Amino acid sequence: MMCGAPSTAQPATAETQNIADQVRSQLEEKENKKFPVFKAVSFRSQVVAGTNYFIKVHVGDEEFVHLRVFQSLPHENKPLTLSDYQTNKAKHDELSYF
């Protein structure tokens, strides 16, 4: 993958689920609700001065959210950050960069 160029969408992995789980509370706080389900479905990544992860997450029923999570460089020793998110997404909605 070229630096700055986002990857193609891939099925979520255990690592992707772990990243989503680590920002779940940030999303629930911003949305002021608890999600009954929080299962990463697919993701894209983008190498910048760290890594952006764009993750599609199933949150119950037919509802999905798209997350943008930033992981800083290892030497910075910072926690994962929920940079942005989009709610009211459907299963067929393509995971975009935002």
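Is E94 buried or exposed, and what is its relative accessible area?

A: In this predicted model, E94 is exposed, with a relative accessible area of 62%. E94 forms a salt bridge with R44, where the closest N and O atoms are 3.3 Å apart, and R44, by contrast, is buried because its relative accessible area of 10% falls under 20%. Since E94 lies in the segment after β5 and R44 in strand β2, the pair ties together parts that are 50 residues apart in sequence.

A search of the whole structure finds four salt bridges, and another of them joins K33 to E63, with the closest N and O atoms 3.9 Å apart. This pair also links distant parts of the chain, as K33 sits in the loop between α1 and β2 while E63 belongs to strand β4, 30 residues away. K33 is partly exposed at 36% relative accessible area, and E63 is likewise partly exposed at 27%.

The strand that carries E63 pairs on two sides: β4 (residues 63-71) runs antiparallel to β3 (residues 50-60) over nine bridges, and antiparallel to β5 (residues 81-89) over six bridges. Two residues separate β3 from β4 in their hairpin, and D61 in the turn has a positive phi of about 50 degrees.

Within helix α1 (residues 14-31), R24 and E28 lie four residues apart, about one turn of the helix, and form a salt bridge whose closest N and O atoms are 3.0 Å apart. R24 counts as partly exposed at 24% relative accessibility, whereas E28 counts as buried at 10%.

Technical notes:
Residues numbered from 1 in each chain as written. Predicted model: local features only at pLDDT ≥ 70, side-chain atom pairs only at ≥ 80, totals over all residues. Heavy atoms only, no water. Pairing = 2+ DSSP bridges. Salt bridge = Lys/Arg side-chain N within 4 Å of Asp/Glu carboxyl O. Buried < 20%, exposed > 50% of the residue type's maximum accessible area, 1.4 Å probe, protein only.
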